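This report describes how selected parts of one protein chain are arranged and packed. Please keep the sequence and the structure in view while reading.

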Amino acid sequence: MKQFISVNDVPDLPLLLKTALDLKAEPFADKHLGENKMLGLIFFNPSLRTRLSTQKAAVNLGMQVMVMNAGQDGWALETEDGVLMNGNKAEHIKEAAAVMGRYCDILGVRSFPELLDKERDYSEHVIKQFIKYSGVPIISLESGTLHPLQSFADLITITESGIKKPKVVLTWAPHIRALPQAVPNSFVQWMGVADVDFTITNPKGYELESSFTKNVKIEYDQEKALENANFIYVKNWSAYNDYGKILTDGKEWMLTEEKLKNAAKSKIMHCLPVRRGLELSDEILDGPRSLVLDQAENRVFAAQAVLKSILSIL
Ligand code: SN0
């Protein structure tokens, strides 16, 4: 694999999935593969799981890792082309990406959307600059529109259940901040190539960008959508059409046990961080339905499978 920006970069998904499950069973089986190879991670936004799981994955493969928080540990980066740099940004992404590419064999980049300008966010400007100027394979650690390492870990988690063609429902959840559409967009993409029966439920106005939801069932009645679900993925996102906006507090969309009466066996997923009492009830998060820690654990093996696949072509 040459880069990992979306599911479309994966040449053989069943093989990558098998690699991840094999690595979970034997995490140190390839501990010499990454010897003398350097992974660089650059974060424009906060991270707990992505930062730690990707480092752990690299170390399991014998790689070394360097981590940067852009704008905090390093210079504030200018990402626009052709600007006169007489403001507070000291370094251009062209040089920063190229320099990191000289030091590292693989680079991971986290860059959230600003949620102000739809075209800019959906053009994936920042990660594309890294692809263009670094000269090394790039892994998305969540970009403007996608979070493929999360979705891959989610697919691993669903696959581990062994349920054949499970019913998977992505449900919108309330939040107090405007959040990216990256996690839901990406989850929809990965469910699109998995053997699942998939439905999205959200309040009117929160439709995702239509190229992601082509051929996907959308059911605006949450209770109806949840019926007989095997997996319910809970996530907030801000509006796409009325871009980056919070349209409603949507309190009635918070998932509770009460809503699961027709989905008695359903497991509950969330990518974390989760706001208790707002997105999901304590009873669900602390109860036997919750898979959130399994998803987080699987982030290691998702990243390890991706790194292994990229290392094999270096
Ligand atoms: C991010 C998101 O894309 O929704 C990262 C998820 C992996 N989540 C947040 O930014 C949550 C922030 C908050 O204030 O709850």
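## Packing around M191

Apart from neighbours within four places in sequence, M191 touches L155, I158, V168, V196 and F198. The structure described here is a predicted model. M191 belongs to helix α7, which covers residues 182–192. Is M191 buried or exposed? With a relative accessible area of 3%, M191 is buried, because the limit for a buried residue is under 20%.

Helix α7 as a whole is mostly covered, with 10 of its 11 residues buried. Among these buried residues are A182, F187, V188, W190 and M191.

## Aromatic pairs and charges over rings

How many aromatic pairs does a search of the whole structure find? The search gives 10 aromatic pairs. One of them joins F4 and W190: the ring centres are 6.1 Å apart and the planes stand at 70°, so the pair is edge-to-face. F4 is found in the segment before α1 (13–25), whereas W190 is in helix α7, so this pair ties together parts that are 186 residues apart in sequence. Both F4 and W190 are buried. The rings of Y240 and Y243 also form an edge-to-face pair, because their planes stand at 90° with centres 6.1 Å apart.

| Residue | Relative accessible area | State |
|---|---|---|
| Y240 | 12% | buried |
| Y243 | 8% | buried |

Ring pairs also link F4, F152 and W190 into a cluster. The charged end of K118 is placed over the ring of Y240, at 4.1 Å from the ring centre. K204 lies over the face of Y220, with 4.6 Å to the ring centre.

## The nonpolar cores

In soluble globular proteins, nonpolar side chains tend to be buried together. In this model, the largest nonpolar core has 63 residues. Which residues have the most contacts inside this core? They are F4, I139, F152, L170, F198, V306 and L307. Helix α11 (residues 292–311) gives the most to the core, with nine residues. The core draws at least three residues from each of domain 1 (7–145 + 299–311) and domain 2 (148–296).

A second, separate core of 17 residues includes I5, I42, F130 and I138.

## The parallel sheet

Strands of a sheet pair through backbone hydrogen bonds, either parallel or antiparallel. Five strands of this model form an open sheet with parallel pairing, in the order β9-β8-β7-β10-β11. Strands β9 (217–218) and β11 (267–269) stand at the edges; each has a single partner strand, so one side of each is left without a neighbour in the sheet.

Within the sheet, strand β7 (residues 167–172) pairs with strand β10 (residues 231–235) in the parallel sense over five bridges. L170 stands opposite Y233 in β10. L170 is also one of the residues with the most contacts inside the largest nonpolar core.

Terms used:
Residues numbered from 1 in each chain as written. Predicted model: local features only at pLDDT ≥ 70, side-chain atom pairs only at ≥ 80, totals over all residues. Heavy atoms only, no water. Pairing = 2+ DSSP bridges. Helix = DSSP H or I, 4+ residues; strand = E, 2+ residues; numbered from the N terminus. Buried < 20%, exposed > 50% of the residue type's maximum accessible area, 1.4 Å probe, protein only. Contact = heavy atoms within 4.5 Å. Phe/Tyr/Trp six-rings, centres within 6.5 Å; stacked < 30°, edge-to-face > 60°. Lys NZ or Arg CZ within 6 Å of the ring centre and 35° of its normal. Core = buried A, V, L, I, M, F, W, Y, C linked by side-chain atoms within 4.5 Å. Domains from an automatic or database assignment.
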